[in-house]
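My notes follow in the order I took them.

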Amino acid sequence: MTSPRKNATARIAEGDRDSAVRRVREAYAEERISHEEMDERLDRVLASTTHGELTAALDLLPAEDPGGTETIAAAGGRIKRRGVWQVPRRLIVQSAFGRVRLNLSRARFEHPVTDIELNLGTGNAVIVVPRDAVVDVTGLATGWKDLRYTPRQPSRPDAPRFRFSGAMGYGRLRIRHAWR
């Protein structure tokens, strides 16, 4: 994104700004920066117009992990994952129509925070998270039907965290905690 080879006075693209916002949020989620520092850095990132300003706003933050994204996509039919499987730092689920079933209760996580982006057209989706997981659904937009999710109090401080984002069209999304 903001490599030293880029001209510091060159104007940034919207994708560069989005990537910078994601890096600041990840640093906060991983407790590398305080809430106040996150607010200050986000203000600087959003006000940036050149690569030099953007680089200064991201100074001393860890680099973005480029290999931590996986996409699961289907135009129609079913998307299903269950059992023991490795979940990347960022998971993108795309389905035009059909059912989505993701069971994360026995999955393995390399990172303390997992971002799951849902881009679903029609069809229902059920996502099962571990029993003590912390779930954030503020970045998720539902269309025709409301989201069904009941938060649970985490039982341990190192509980896995999930941030959901994206959009759901004509279908119902249900997120629930595993029973065991």
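I count two strands as paired if DSSP finds at least two bridges between them. Helices (H or I, at least four residues) and strands (E, at least two) are DSSP runs, numbered from the N terminus.

Before going on, I note the ground rules. The model is predicted, so local features need pLDDT of at least 70 and side-chain atom pairs count only at pLDDT 80 or more, while totals for chains, interfaces and linings use all residues. Residues are numbered from 1 along each chain as its sequence is written, and side-chain values use heavy atoms, with hydrogens and water left out.

**Overall**

I find three helices and 12 strands in the protein. Along the principal axes, the C-alpha atoms fill a box of roughly 50 × 40 × 25 Å. I take buried as under 20% relative accessible area, exposed as over 50% and partly exposed as in between, with a 1.4 Å probe and protein chains only. Of the 180 residues, 39% are buried.

Five strands form an open sheet, 2-5-8-12-10, with parallel pairing. Strand 2 (78-81) and strand 10 (148-149) are at the edges with a single partner strand each, so one side of each has no neighbour in the sheet.

I then walked across the sheet from strand 2. Strand 2 pairs with strand 5 in the parallel sense over four bridges. Arg78 has Arg99 in strand 5 as its bridge partner. Strand 5 is joined to strand 8 by four bridges, again parallel. Here Arg101 has Val126 in strand 8 as its bridge partner.

Next I checked strand 8 (residues 125-129), which runs parallel to strand 12 and is joined to it by five bridges. Ala125 is bridged to Leu173 in strand 12. Two bridges then link strand 10 to strand 12 (residues 173-177), also parallel. Arg148 stands opposite Arg174 in strand 12, and Tyr149 stands opposite Ile175.

**Faces of the strands**

Which residues of strand 5 are on its covered face? I find Val100 and Leu102 there, with Arg99, Arg101 and Asn103 on the uncovered face of strand 5 (residues 99-103). In strand 12, Leu173, Ile175 and His177 make the covered face, and Arg174 and Arg176 the uncovered one. In a regular strand the side chains alternate between the two faces of the sheet.

**Helix 2**

I tested the length of helix 2 (residues 35-47). The expected span is 1.5 Å times one less than the number of residues. For the 13 residues of helix 2 that gives 18 Å, and the end C-alpha atoms are 18 Å apart, which agrees.

I then asked which residues of helix 2 are buried. They are Met38, Arg41, Leu42 and Val45. These four cover an arc of only 105° around the axis, which puts them on the same side of helix 2. The arc is that of the directions from the helix axis to the C-beta atoms. Glu36, Asp43 and Ala47 are exposed on the other side of helix 2.

**The largest pocket**

A pocket here is an open set of points on a 1 Å grid over the protein atoms alone, where a 1.4 Å probe fits, with protein on both sides within 12 Å along at least five of seven lines; lining residues have an atom within 4 Å of a point. I read about 430 Å³ for the largest pocket. Volume is the space filled by probe spheres set on the points, which are joined across faces, edges and corners.

The largest pocket is lined by 16 residues, and Arg22, Arg25, Asp115, Arg163 and Ser165 are the closest to its centre. Helix 1 (14-29) gives the largest share of the lining, six residues. Strand 7 (113-122), strand 9 (134-142) and strand 11 (161-170) are among the elements that each supply at least two.

**Single residues**

Arg25 lies in helix 1. Arg25 is partly exposed, at 47% relative accessible area.

Arg17 is buried, at 14%.

Leu60 is in the loop between helix 3 (51-57) and strand 1 (69-74). Leu60 is not a glycine, yet has a positive phi of about 70°. At 77% relative accessibility, I log Leu60 as exposed.
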